[in-house]
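Welcome! Here is a short briefing to read alongside the sequence and the 3D view.

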Amino acid sequence: MSDRSPRQLPEQSDSFWRFVSGEDFQAPAPKVTQTAHTGLTALWRKFRPPESEPYLKPMEDLKSLSENQVARIIPEPAWEEAARTLDRTLADWKARQPPEQPVLFLVLPPHNGHPQILTAWAKERDLPILHPPPLDAIITGHSSWTAEEETTRSVWVLPALEQLYLRHVDGLDLVRDFFAQALSGRLGHGLIGCDSWAWAF
């Protein structure tokens, strides 16, 4: 999570979720045994003859699970709990009126739930959620997109920044214009979610 300025985050409860500032984030170090195993496996592959490809079933023979079966086996995480933890993390930012930074970013690894967390957080507080424009509007750099969205209330939320651009020669104009408006404070105060791969891009 980043607001471009270092700050102390409040103590968080014993929740599964924990949010840290960008300056404090550290990728977990791999275990020594895992590193050794990876290196030995790579070395072993260099000296042994290649194995034949394992037998794979044709796609038409594979069966997929229903949504109910998937939900029973792998239930959705408790996004509301993550949203409550996020709310406690944002306490200092929300208390400052006006906040020093108009925009905060929540950056999580891909498929780690940032759109669901921010959507749950916004809905619980009845805050406006910015939805990405259609693809043709992204390609044409539809500059009036933000004017069509409600950004005049206390705080707005953009759950998934990565849906605002395309890796295309004309696919970045809209997100550049959006950043110019958001970071200048012209859109008010907002919370933007993005996956770390898209953020790196």
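A contact here means heavy atoms within 4.5 Å. Residues 24 or more positions apart account for 77% of the chain's contacts with a separation of 6 or more. This is a predicted model, in which local features need pLDDT of at least 70, side-chain atom pairs count only at pLDDT 80 or more, and totals for chains, interfaces and linings use all residues. Residues are numbered from 1 along each chain as its sequence is written, and side-chain values use heavy atoms, leaving out hydrogens and water.

**Confidence**
- The mean pLDDT (the predictor's confidence in each residue, from 0 to 100) is 77 for the chain, and 67% of its residues reach 70 or more.
- Over residues 2-12 the pLDDT is below 50, and this stretch has 26 contacts in the model beyond near neighbours in sequence.

**Layout**
- The chain has nine helices and three strands, which are DSSP runs (helices: H or I, at least four residues; strands: E, at least two) numbered from the N terminus.
- Of the 201 residues, 33% are buried (under 20% relative accessible area; exposed is over 50%, partly exposed in between; 1.4 Å probe, protein chains only).

**Aromatic rings**
- There are five aromatic pairs: rings of Phe, Tyr and Trp (its six-membered ring) with centres within 6.5 Å, stacked if the planes are under 30 degrees apart, edge-to-face if over 60 and tilted otherwise.
- Tyr165 and Phe201 are stacked because their ring centres are 5.5 Å apart and their planes at 15°.
- These two partners lie 36 residues apart, with Tyr165 in the loop between strand E2 (156-158) and helix H8 (173-184) and Phe201 in the segment after helix H9 (196-200).
- Tyr165 is buried at 11% relative accessible area, while Phe201 is partly exposed at 48%.
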